[in-house]
Amino acid sequence: MKTNIELLAFRRFFKLISIGLWLFVLYIPAFSQQPTQNTSFKPGGEWLADDGVHIDCHGGNIIFVESLKTFFWYGEHRGRPQGASCYSSTDLYNWKNEGVVIEKGDIQTFERPKVIYDENNDRYVMWFHYDGNGYTIAELGVAVSDNPTGPFKVIDHYRPNGHESRDIGMYFDPDTKKAYIGYAADHTNLTIRIVELSEDYLSITTNDVDIKAHCEGPGILKKNNTFYLLTSQCSGWTPNPGTYYTAPDIMGPYTSQGSPFIGDAGNNSFNSQPCFIFKIPGYRDAYLYMGDRWNGGGRPESQYVFLPITITAEGKMELHWYREWDLSMFTPERRRSGRRNRVTIPSNSRNRGNNDTRDSNR
Ligand code: GAL
């Protein structure tokens, strides 16, 4: 009898343990994949997406699709499979991994994808640097998709109007709805050319000029009818001091204005290389600098340096270093009061150690 009771107790105990184990197994994902909720940008740091993995989306750009109220960030997927990845967000801090939207397949070098949304045809057009392992093919590639999250399909690749093309940037003019590609061009990137795209953004036009700007990673913004072009020099994966140029027209003439990186003690654009300037909707003059911290090579774990760009009252472009910052630095567009027409910097949020090379180069 005693043995039967013991057996019953043992069975109940075993059942409880099994239920406990099942519950534990079922809840493991909930414990290990808690998405990190970000409330700020932390330039140069690890940046986890919703899947708990560092964002792998380099040398790219961000678009905002009004009808979907969503930001899409495209860039090089340096992990496997290589190609371009896409992440989506509603606040620019927290990103959902939408996966690889185009695999590079047999394209040897696939870099710096830039996507533009064609509202008229409700489709997404991706331009990218198409090249061989030795960077001697030097072409533009173009791909298209009906969905922001792909799949994108390559439709063509060529040298624009016969010119070599390597690093590319893209500018969409909200006033004219025209789009342009700035490309590091002939003689191994000794100059930048700007080419206007066709109305459907699927091809290039012959409006293509040498703007005599040196030389890579071009990002463009427009403020008060002045165009600002931010570029790096040519030193491969190693960062160098950036330069900005101004022009009265997207096609030039451009005038060199020196480095906009203020307090850049490492003289290396806060240890980054520009890839795009994103005008953040909903805020006045809110320009987001998107830079890559390659750390000697494009790798999945390479970081991002996202910083606010200020155009001062005197019309100068400035970037200051912040260890951490958020969008409250900008003035929301609806608050059209007498506030100054420039980025508002709360005194407590700026990292005053701009000269802290250890921090900006970390
Ligand atoms: C950089 C360029 C990168 C990549 C690299 C290869 O100058 O900006 O996109 O092409 O060279 O060395």
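**Strands and ligand shell**

Reply: In this predicted model, β2 and strand β3, the latter made of residues 83-89, pair in the antiparallel sense over seven bridges.

Me: Which residue stands opposite Tyr-74 in β2?
Reply: Strand β1, which covers residues 58-65, also pairs with β2 in the antiparallel sense, over six bridges. These two strands form a hairpin with four residues between them, and Lys-69 in the turn has a positive phi of about 50°. The residue that stands opposite Tyr-74 is Asn-61.

Me: How many of the residues of strand β2 are buried?
Reply: A residue counts as buried if 20 or more other C-beta atoms lie within 10 Å of its own. By that cut-off strand β2, residues 70-77, is mostly covered, and of its eight residues the number buried is seven.

Me: Which elements give two or more residues to the shell around the ligand?
Reply: The residues around the ligand include Glu-111, Arg-112, Glu-216 and Gly-217. The elements that give two or more residues to this shell are β5 (109-118) and β13 (216-223).

Me: How many residues of the shell around the ligand are charged?
Reply: Among the residues around the ligand are Asp-167, Trp-237 and Gln-273. The shell divides into two nonpolar residues and four polar ones, while the number of charged residues is four.

How values were computed. Residues numbered from 1 in each chain as written. Predicted model: local features only at pLDDT ≥ 70, side-chain atom pairs only at ≥ 80, totals over all residues. Near = placed C-beta within 6 Å. Nonpolar A, V, L, I, M, F, W, Y, C, P; charged D, E, K, R; others polar. Buried ≥ 20, exposed ≤ 12 C-beta atoms within 10 Å, placed from the backbone. Pairing = 2+ DSSP bridges.
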